[in-house]
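This report describes one protein–RNA model, taking its confidence, its RNA-facing surface and a few individual residues in turn. The sequence and structure come first.

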Amino acid sequence: MLTTRPRGTSDIIPGEVEAWQYLEKEIRRICREYGYSEIRTPIFEHTELFLRGVGDTTDIVEKEMYTFIDRGERSITLRPEGTASAVRAYLEDKLHAGPQPVKLYYNGPMFRYDRPQAGRFRQFHQFGVEVFGSHDPALDAEVMAMAMDFYGRLGLTGLELHINSVGCPACRPALRQKLQDFFRPHLSDLCPNCQERLEKNPLRIIDCKEGRCREAGAGAPTTFDCLCEECSSHFEAVKKHLDLLSLPYQVDYCLVRGLDYYTHTAFEIMAKDIGAQSSIGGGGRYNKLVETCGGPPTPGIGYALGLERILLAMKSQNCLIPGTSSLDVFVVTAGKAAASEAFRQLFKIRGAGISADKDYQDRSLKAQMKYAGKTGAKFVVIIGEEELARGTALIRDMNAKEQVSIVSEKVVEYLLNNLSNVLSNYQGGYKYD
RNA sequence: GUGGGUAUAGCUCAGUUGGUUAGAGCACCAGAUUGUGGCUCUGGGGGUCGUGGGUUCGAGUCCCAUUACCCACCCCA
């Protein structure tokens, strides 16, 4: 083999792609129901969009971006997440000029230079939504409920919704100060990462998973201690709306997500059965991001779900996942003269919306039958010398192991009649429930 | 970026203290009185033992390096 796929990427091959198509179909369905429209943005952007949008002290920007200089000497980055592009498009395509809020969704590949492991890849796929133009805490709850609804539709259970408020520009400076005052005497007890975070981004220390940082952080101030009046009441309203929907959640005052743009609400959804990378989705409010990107003051909120991790969880929980789709009809021939007639018949069958195929390996009739069985074809149409002479075709029902002789002109009609229930299930996707 | 594990046929894996032509199951292909699938039986094709060095009379087996994959740290989806 000349070469292999780059590290941390994967091929989605027949037998697996059906699961992806199913997810894509469910994404389109739920987004339509919740009033979201799809947006497709470039897979690469100017690097500065992510520097400003995601935040230049984040791990994503500091060490995980695929950045390169293109032939026009521009610094280009393969998108590591979807929100920055959505904000850019919201401004550039003047969506802020229309009726608000603007509810968008995207679904596509993201790129981060991480060490691959279970549930973590360098090219991975996110489905996400973004809403621009509303401060309403009910929307925060809607967005979380939608994410949980999506998991539920796929059959996933036992997921945990963790929520927090990470404050706003009014109250965060006080929290930063309190945290720095608290941790500065214990600086040497912190992991090297957090020692740097103390000045750059002290909030992240309380969310650090290192044992020594957890110990050092015992009794440390949390977001809860410093929320301003507005943040606090917003958070209470969000919780109230989650309660209205009877949506279970856990408040986690140490939840600080790794993207700097969050204000107010932050949340994360965890799956326990997919390995160490248990975060299966997350999001939050970003009321300053549009401004940061050069737009008018505009509130926003969104989330992103990792499709690979969703599939991992679905496999782990034995959810129904569509497999390979099978053929409706296989055309078998015997003899050269019959092959021409069979080839024409094959196209007539396909023209009627029936999936059909034939042998292209010059196989014997017996081998063609064997192969037809493997394709899962429901019917086999046999055209040999005898049928050719009589102007008929044999149609064999593979499950019933019975076959009938049909006049050539009636073959399509016969198949349509006998496949009708199969075809109605097939239209537009796969049978999954 | 750090650590641990793995690498033999298309797939899952055997391969004894280094010793002749490297095996099995599954898969694939072909047959079982020549026009009929799944089961059974018989046969067949297919492997630079990840790659590059080294030790040795001799390396799939031991040593070093390298790459990839898996898992964990970290981070996040």
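Helices (DSSP runs of H or I, at least four residues) and strands (runs of E, at least two) are numbered from the N terminus. By that assignment, Glu-45 belongs to strand β2, which covers residues 44–46. This is a predicted model, in which local features need pLDDT of at least 70 and side-chain atom pairs count only at pLDDT 80 or more, while totals for chains, interfaces and linings use all residues. Residues are numbered from 1 along each chain as its sequence is written, chains are lettered from A and ligands numbered from 1 in the order in which they are written, and side-chain values use heavy atoms, with hydrogens and water left out.

Glu-45 counts as buried because its relative accessibility is 6%. Its side chain is joined to that of Arg-88 by a polar contact of 2.5 Å; a polar contact is a pair of N or O atoms within 3.5 Å, where within protein one must be able to donate a hydrogen and the other to accept it, and residues adjacent in sequence count only if both atoms are side-chain atoms. Leaving aside residues up to four places away in sequence, Glu-45 touches Phe-50, Ser-75, Ile-76, Thr-77, Ser-85 and Arg-88, contact meaning heavy atoms within 4.5 Å.

## Confidence and domains

The predictor's confidence in each residue is given as pLDDT, from 0 to 100. For chain A the mean pLDDT is 91, and 97% of its residues reach 70 or more. Residues 424–433 have pLDDT below 50, and this stretch has 13 contacts in the model beyond near neighbours in sequence. Where pLDDT is low, the predicted coordinates should not be read in detail.

Chain A is divided into domain 1 (17–171 + 227–316) and domain 2 (329–426), with bounds that come from an automatic or database domain assignment. Taken over C-alpha atoms, the centres of domain 1 and domain 2 are separated by 49 Å.

## The surface near RNA strand B

A residue is near a molecule or strand if one of its heavy atoms lies within 4 Å of it. RNA strand B is surrounded by 49 residues, the closest being Arg-7, Arg-257, Gly-258, Gln-277 and Ser-279. Of the atoms of RNA strand B that come within 4 Å of the protein, 50% belong to sugar and phosphate. The surrounding residues divide into 13 nonpolar, 14 polar and 22 charged, where Ala, Val, Leu, Ile, Met, Phe, Trp, Tyr, Cys and Pro count as nonpolar, Asp, Glu, Lys and Arg as charged, and the others, Gly among them, as polar.

Elements that each supply at least two residues of this surface include β6 (123–132), α7 (192–200), β10 (279–285) and β11 (300–306). The largest share, 6 residues, comes from α14. An N or O atom in the side chain of Arg-7 is 2.4 Å from a phosphate oxygen of RNA strand B, and a polar side-chain atom of Lys-366 lies 3.0 Å from a phosphate oxygen, whereas Arg-120 places a polar side-chain atom 2.7 Å from a base nitrogen. Helix α14 also holds Ala-367, which counts as partly exposed because its relative accessibility is 26%.

## Helix α12

Helix α12 (residues 307–316) is largely enclosed by the rest of the structure, because 7 of its 10 residues are buried. These are Leu-307, Glu-308, Arg-309, Ile-310, Leu-311, Ala-313 and Met-314, and they pack against α1 (17–33), β5 (102–111), β6, α5 (137–153), β10 and β11. Just after α12, Asn-318 takes a positive phi of about 55°.

## Backbone exceptions in loops

Most residues other than glycine have a negative phi, and most peptide bonds are trans. Ser-246, in the loop between α10 (229–244) and β8 (250–251), has a positive phi near 55° and is exposed, with a relative accessible area of 61%. Asp-362, in the loop between β13 (356–358) and α14, likewise has a positive phi of about 55°, and counts as exposed at 76% relative accessibility. The peptide bond that joins Gln-100 and Pro-101 is cis, with omega about 0°; Pro-101 is found in the loop between α4 (83–92) and β5.

Notes: Buried means under 20% relative accessible area, exposed over 50%, partly exposed in between (1.4 Å probe, protein chains only).
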